[in-house]
Amino acid sequence: MVSRRQVLVTGGASLLLLGGGFGAYVGTRSTAKARAPWKQAAAGFGDPRIDALAYAILAPNPHNRQPWQVRLEGDDSFTVYCDLEKRLPHTDPPNRQITIGFGTFLELFRQAAAEKGYRADITPFPQGEPQPVLDERPIASVTMVKEPSVQRDPLFGTILNRRSTKEAFAPRSVDDETFAKLQTLAFAERSDPAISIAATSDVDLVAKLRALNWQAWSVEYDTALTQKESVDLMRIGAAEINASPDGIDLGGPMMEALRLGGVISREQLATKGTQAYETGISMYKEMLDNTSSFGWLTSRDNSRAAQLQSGAAWVRINQAATALGLAMHPVSQILQEFPEMAALYEEYHNVLDVADPARVQGFFRFGYAAAPDPAPRWPVESFILNV
């Protein structure tokens with residue numbers, strides 16, 4: 001089975017001509033440096049804020065942009081800002097998805113702070129909600145309050161094992177009982193009446209959602225600006241991943257070999273008709289064809305506050321899936337708000353009977369698959385503005 005990070009296996013035969021020494025070389029290429037923050041999270045940094053932030057930076061976020069910036073204040077507080085260079089102007093014009101990413105970040109921080117005996121007092125958008133896009137105003141101000149009796153979150157222990165599994169799933173759907181457990185785990189401790197999760201393994205509805213998602217992915221892939229935005233953020237091979245541990249990582253021995261053999265490059269990935277471009281299509285189709293269950297996250301409205309709340313729910317769903325042995329993969333193309341996606345966006349909301357002002361904030365594949373390696377991350381200190 002071809003994985004997302006083993007693009008162009010069909011071109012691999014030509015690499016045999018490069019000899020065994022070449023294979024031995026690519027086998028030594030490691031991205032351990034880029035993934036080190038996952039192991040460093042449990043280390044002490046001498047400041048409880050940074051201790052908890054070391055977990056927060058592991059949060060899922062669109063295109064792995066890691067847009068958070070933190071300014072420490074006094075001994076117990078900090079303010080969170082968006083690195084405006086990390087926004088996605090073509091696939092996420094209103095910065096809705098980036099804002100959801102900040103919701104995942106703040107929720108993991110809250111969990112990590114509680115685990116260390118602190119209550120995290122979080123004030124969203126203390127200078128007002130930035131509209132129509134994010135700007136220099138802060139995303140949140142946070143104060144840690146020592147409170148030994150603060151309730152620990154049962155999902156905290158899943159943070160280091162949480163993944164977004166961008167692979168084909170086993171041919172097995174998720175049953176209703178498991179989905180009910182997922183909802184209980186995700187929301188029992190942090191219920192929010194403004195946010196809801198629904199899921200289905202109904203064959204007919206899954207087929208309809210699969211077809212809509214395929215159309216949406218094809219629109220993003222065939223639209224020059226949105227496709228280029230993703231390709232520009234691809235990190236091909238260990239050297240690029242370690243140098244820039246964000247964006248979309250394409251690593252592993254096969255990818256390393258294909259890169260060094262001249263089979264794959266950003267130019268080829270962006271050019272219609274090339275092997276790289278066409279294999280990207282077949283890869284995603286394989287993932288969708290091996291999906292038997294979907295879920296979606298809905299908010300009561302689409303305010304910035306609701307987007308942050310959706311992010312908190314999003315990561316809790318991911319953590320609950322991890323606890324239950326489920327693979328989860330966000331497939332959010334149909335929720336992107338660029339003009340070419342508008343008709344499918346409306347159709348999707350109609351199929352799910354979600355009417356304005358309510359909004360679907362997340363769309364997910366659920367299933368069963370082996371957990372991949374953790375995604376690359378910049379180290380926690382790189383996000384602290386005054387260090």
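Biologist: Where is the place of Q307?
Modeller: Q307 sits in helix α12, which covers residues 304–323. Do keep in mind that this is a predicted model.

Biologist: Noted. Is Q307 buried or exposed?
Modeller: Q307 counts as buried, because its relative accessibility is 2% and the cut-off for buried is under 20%.

Biologist: And which residues is Q307 in contact with, leaving aside its neighbours within four places in sequence?
Modeller: The contacts of Q307 are N95, R96, T99, I100, N302 and Q361.

Biologist: Let's follow N95 then. Where is the place of N95?
Modeller: N95 is in the loop between β2 (77–82) and α4. N95 is buried as well, at 3% relative accessibility. Its backbone deserves a look: N95 is not a glycine, yet its phi is positive, at about 65°.

Biologist: What about peptide bonds, which residues does a cis peptide bond join?
Modeller: Q131 and P132 are joined by one, with omega about 0°. P132 is in the loop between β3 and β4. A cis peptide bond also joins D356 and P357, and there omega is about 15°. P357 belongs to the loop between α13 (342–351) and β10 (359–367).

Biologist: Switching to charges: how many salt bridges does the structure hold?
Modeller: The structure holds 17 salt bridges. One of them pairs R110 with D153, where the closest N and O atoms are 2.7 Å apart. R110 lies in helix α4 (residues 96–115) and D153 in the loop between β4 (140–146) and α5 (176–187), so this pair ties together parts that are 43 residues apart in sequence.

Biologist: Is R110 buried or exposed? And D153, buried or exposed?
Modeller: R110 counts as buried at 12% relative accessibility, and D153 counts as buried at 7%.

Biologist: Which residue does E147 form a salt bridge with?
Modeller: That is R119, with the closest N and O atoms 2.4 Å apart. This pair links distant parts of the chain: E147 is in the loop between β4 and α5, R119 is in strand β3 (residues 118–124), and they are 28 residues apart. E147 is partly exposed, with a relative accessible area of 25%, and R119 is partly exposed with 30%.

Biologist: How far apart are E256 and R259?
Modeller: They are three residues apart, about one turn of the helix, and both lie in helix α9 (residues 253–260). E256 and R259 form a salt bridge, their closest N and O atoms being 2.8 Å apart. E256 is buried, with a relative accessible area of 2%, whereas R259 counts as partly exposed at 27%. Salt bridges that share partners also join E107, R110, D153 and R316 into one network.

Biologist: New topic, F169. Where does F169 lie?
Modeller: F169 is in the loop between β4 and α5, and F169 is buried, with a relative accessible area of 4%. F169 and M287 are 118 residues apart in sequence, while their C-alpha atoms are 7.0 Å apart in space. Beyond its neighbours within four places in sequence, the contacts of F169 include N290, A327, H329, R365 and F366.

Biologist: Zooming out, how many helices and strands does the protein have?
Modeller: The protein has 13 helices and ten strands. Its radius of gyration is 21 Å, close to the 21 Å that the globule rule gives for 387 residues, so the protein is as compact as a globular protein of that length.

Biologist: What does the C-alpha trace span along its principal axes?
Modeller: It spans about 65 × 50 × 40 Å. Buried residues make up 54% of the 387 residues. Among contacts with a separation of 6 or more, residues 24 or more positions apart account for 79%.

Biologist: And the surface, what does that come to?
Modeller: The accessible surface is about 16,000 Å², and 53% of that belongs to carbon and sulfur atoms. As for charges, the mean positions of the 38 positive and 45 negative ones are 5 Å apart.

Definitions and conventions
Residues are numbered from 1 along each chain as its sequence is written. This is a predicted model: local features need pLDDT of at least 70, side-chain atom pairs count only at pLDDT 80 or more; totals for chains, interfaces and linings use all residues. Side-chain values use heavy atoms; hydrogens and water are left out. A salt bridge is a side-chain nitrogen of Lys or Arg within 4 Å of a carboxyl oxygen of Asp or Glu. Helices (H or I, at least four residues) and strands (E, at least two) are DSSP runs, numbered from the N terminus. Buried means under 20% relative accessible area, exposed over 50%, partly exposed in between (1.4 Å probe, protein chains only). The radius of gyration is taken over C-alpha atoms; the globule rule is 2.2 Å times the number of residues to the power 0.38. Contact means heavy atoms within 4.5 Å. Accessible areas come from the Shrake-Rupley method with a 1.4 Å probe; for residues, only the protein chains shown count as cover. Lys and Arg count as positive and Asp and Glu as negative; His and the chain ends are not counted. The place of a charge is taken as NZ of Lys, CZ of Arg, CG of Asp or CD of Glu.
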